[in-house]
Amino acid sequence: MSASYETEQKALKESLVQLKADIEMQNDKAANVSEFVEKVRQYTEIKELTPAIVNEFIDCIMVSKKQMIGGKTVYPIDIYYSGIGIINAPSAEEYEEMFQERLKQKHSKKEKTA
């Protein structure tokens, strides 16, 4: 019985170390996002994209090999932002789809209230 208790205690201590590391990593991520938000607040109305602004917000830009999409040549890019990494924004087609869906919702609300 003592052996199983010691084994369980050892496993719990190892688990505790991993959980503390996970919590620390999550706290670091939250701090990085907070720092990024503070930077964004400084630049609420950017009229011109300057090298200083780019350097402040962007760690790196990865340009992929060219692809043919719908008969057009495109170069997919990934932008890694300072402190938060890559943000997966919807594509132009996805934005259009979301916009059309939103229009349908507005029209259906108007029809119900009319």
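**Strands, helices and surface**

Author: Let's start with Gly-85, which is partly exposed, with a relative accessible area of 22%. Keep in mind that this is a predicted model.

Reader: Where is the place of Gly-85?

Author: Gly-85 is in strand S5.

Reader: And how far apart are the C-alpha atoms of Gly-85 and Lys-65?

Author: They are separated by 21 Å. Along the chain, Gly-85 and Lys-65 are 20 residues apart.

Reader: Back to the strands. What order does the open sheet have?

Author: The order is S1-S4-S5. The open sheet has 3 strands, and the pairing is antiparallel.

Reader: Which strands stand at the edges?

Author: S1 and S5 do. Each has a single partner strand, so one side of each is left without a neighbour in the sheet.

Reader: What do strands of a sheet pair through?

Author: They pair through backbone hydrogen bonds.

Reader: OK, how many bridges join S1 to S4?

Author: There are 5 bridges between S1 and S4.

Reader: What do S4 and S5 form?

Author: They form a hairpin, with 3 residues between the strands. In the turn, Gly-83 has a positive phi of about 85 degrees.

Reader: New topic, the surface. Which residues form a nonpolar patch?

Author: Ile-61, Val-63, Tyr-75 and Ile-77 form the patch. Together they have about 420 Å² of accessible area.

Reader: Take Val-63. Which strand is the place of Val-63?

Author: Val-63 is in S1, residues 58-63. Val-63 is exposed, because its relative accessible area of 56% is over the 50% cut-off.

Reader: What about charge? Which residues gather in a patch of negative charge?

Author: Glu-93, Glu-94, Glu-97 and Glu-101 gather in that patch on the surface.

Reader: Is Glu-93 buried or exposed?

Author: Glu-93 is exposed, with 58% relative accessibility. Glu-93 lies in helix H3, which covers residues 92-113.

Reader: What separates the C-alpha atoms of Ala-3 and Gln-100?

Author: A separation of 65 Å. Along the chain, Ala-3 and Gln-100 are 97 residues apart.

Reader: One more. Which helix is Leu-12 found in?

Author: Leu-12 is in H1. Leu-12 is partly exposed, with a relative accessible area of 46%.

Reader: Why isn't that 46% simply exposed?

Author: Because exposed means over 50%. Leu-12 has 46%, so Leu-12 is partly exposed.

Reader: And how far apart are the C-alpha atoms of Leu-12 and Gln-42?

Author: They are separated by 45 Å. Leu-12 and Gln-42 are 30 residues apart along the chain.

Methods
Residues are numbered from 1 along each chain as its sequence is written. This is a predicted model: local features need pLDDT of at least 70, side-chain atom pairs count only at pLDDT 80 or more; totals for chains, interfaces and linings use all residues. Side-chain values use heavy atoms; hydrogens and water are left out. Patches are made of residues with over 30% relative accessible area and no salt bridge: like charges are joined within 9 Å, nonpolar side chains (Val, Leu, Ile, Met, Phe, Trp, Tyr) within 5 Å. Accessible areas come from the Shrake-Rupley method with a 1.4 Å probe; for residues, only the protein chains shown count as cover. A salt bridge is a side-chain nitrogen of Lys or Arg within 4 Å of a carboxyl oxygen of Asp or Glu. Helices (H or I, at least four residues) and strands (E, at least two) are DSSP runs, numbered from the N terminus. Buried means under 20% relative accessible area, exposed over 50%, partly exposed in between (1.4 Å probe, protein chains only). Two strands pair if DSSP finds at least two bridges between them. Lys and Arg count as positive and Asp and Glu as negative; His and the chain ends are not counted. The place of a charge is taken as NZ of Lys, CZ of Arg, CG of Asp or CD of Glu.
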